Amino acid sequence: MSLPRSALALGVELSAAQADRLLRYLDLIQKWNKVYNLTALRDPAEMLTHHLLDSLAVVAPLRRQTLGQGGRLLDVGAGAGLPGVVIAICCPELAVTCVDTVAKKAAFVQQVAAELKLPNLRGLHARVESLSEPYDVISSRAFASLADFTAWSVSALAPQGVWLAMKGKRPDDEIAALPAAVEVFHVEQLGVPGLDAERCIVWLRKKTA
């Protein structure tokens, strides 16, 4: 199945330029992987499903959440930029910052932004706990427990902001371990073409008094 058709199955209509950028992004991961260990996956077909399509699965839910109005998104523990770079390519209305504690991974995202001409994307070498400028959405993909993810990034969450945590199967134990100040307002099941595994988004926000 072609990338545009797979994306359509996920509710995302890609322009020719976006599809081209996504494939060039995969090429850049493969190129940099030879020198920097950005991702454990090496097989191009696996990278397409496990990285690209898996990240594309959040685009339609994210647009529904932000109503396509733009804003600022922080991708925590972004690594090679998944899903942050994919979101930046598909949602030019969003300003996307990919933060990672590993300098070479942040540098890679900066390189992607330059090579693919993505003015709405930046890579940031920092600890998320040190960030305080407000973001409307804070995302993570297989990053940490929900309690740790929200605790480490809460200082960067805008007053009406939300957390978007990509998980495998529904993490009921992690949800149960959340502090009283954080609430889950939606768990969204995802189906990723070609990926025989459970995926979901856990949407969270600060509980209002």
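Predicted model: local features only at pLDDT ≥ 70, side-chain atom pairs only at ≥ 80, totals over all residues.
Colleague: What makes Asp 54 count as buried?

Modeller: Asp 54 has a relative accessibility of 3%, and since buried means under 20% relative accessible area, the residue counts as buried. Asp 54 lies in helix H3, which covers residues 44-56, and, leaving aside residues up to four places away in sequence, Asp 54 touches Thr 49, Arg 141, Met 166, Val 192, Leu 195 and Arg 199.

Colleague: Why is the pair formed by Phe 143 and Phe 149 called edge-to-face?

Modeller: A pair of aromatic rings is described by the distance of the centres and the angle of the planes. For Phe 143 and Phe 149 the centres are 6.3 Å apart and the planes stand at 80 degrees; because rings pair if their centres lie within 6.5 Å and count as edge-to-face over 60 degrees, the pair is edge-to-face. Phe 143 also forms an aromatic pair with Trp 152, again edge-to-face, at 5.9 Å centre to centre and with 75 degrees between the planes. The structure holds five aromatic pairs, and elsewhere Tyr 25, Trp 32 and Phe 108 form one aromatic cluster.

Colleague: What makes strands S3 and S6 edge strands?

Modeller: Seven strands form an open sheet with mixed pairing, in the order S3-S2-S1-S4-S5-S7-S6. Strand S3 (121-125) and strand S6 (182-190) each pair on one side only, and they are the edge strands. From one strand to the next, the twist averages 20 degrees.

Colleague: How do you know that S4 pairs with S1 and with S5?

Modeller: Two strands pair if there are at least two bridges between them. Strand S1 (residues 71-76) and strand S4 (residues 135-141) run parallel and are joined by four bridges, with Val 76 having Ser 140 as its bridge partner in S4. S4 and S5 also run parallel and are joined by six bridges, and Tyr 135 stands opposite Leu 157 in S5, so both pairs meet the requirement.

Colleague: What makes S5 mostly covered?

Modeller: Nine of the 11 residues in S5 are buried. Helix H7 (residues 146-153) lies across S1, S4, S5, S6 and S7, and runs at about 150 degrees to S5.

Colleague: Which residues touch the most other members of the largest nonpolar core?

Modeller: In this core of 51 residues, they are Leu 14, Leu 22, Tyr 25, Leu 56 and Leu 121, while helix H2 (residues 16-33) gives the most to the core, with seven residues. Apart from this core lies another, of 22 residues, including Leu 74, Val 76, Phe 149 and Trp 163.

Notes:
Residues numbered from 1 in each chain as written. Heavy atoms only, no water. Core = buried A, V, L, I, M, F, W, Y, C linked by side-chain atoms within 4.5 Å. Buried < 20%, exposed > 50% of the residue type's maximum accessible area, 1.4 Å probe, protein only. Helix = DSSP H or I, 4+ residues; strand = E, 2+ residues; numbered from the N terminus. Contact = heavy atoms within 4.5 Å. Axes fitted to C-alpha atoms, helices over the stretch in contact; angles between N-to-C directions. Phe/Tyr/Trp six-rings, centres within 6.5 Å; stacked < 30°, edge-to-face > 60°.
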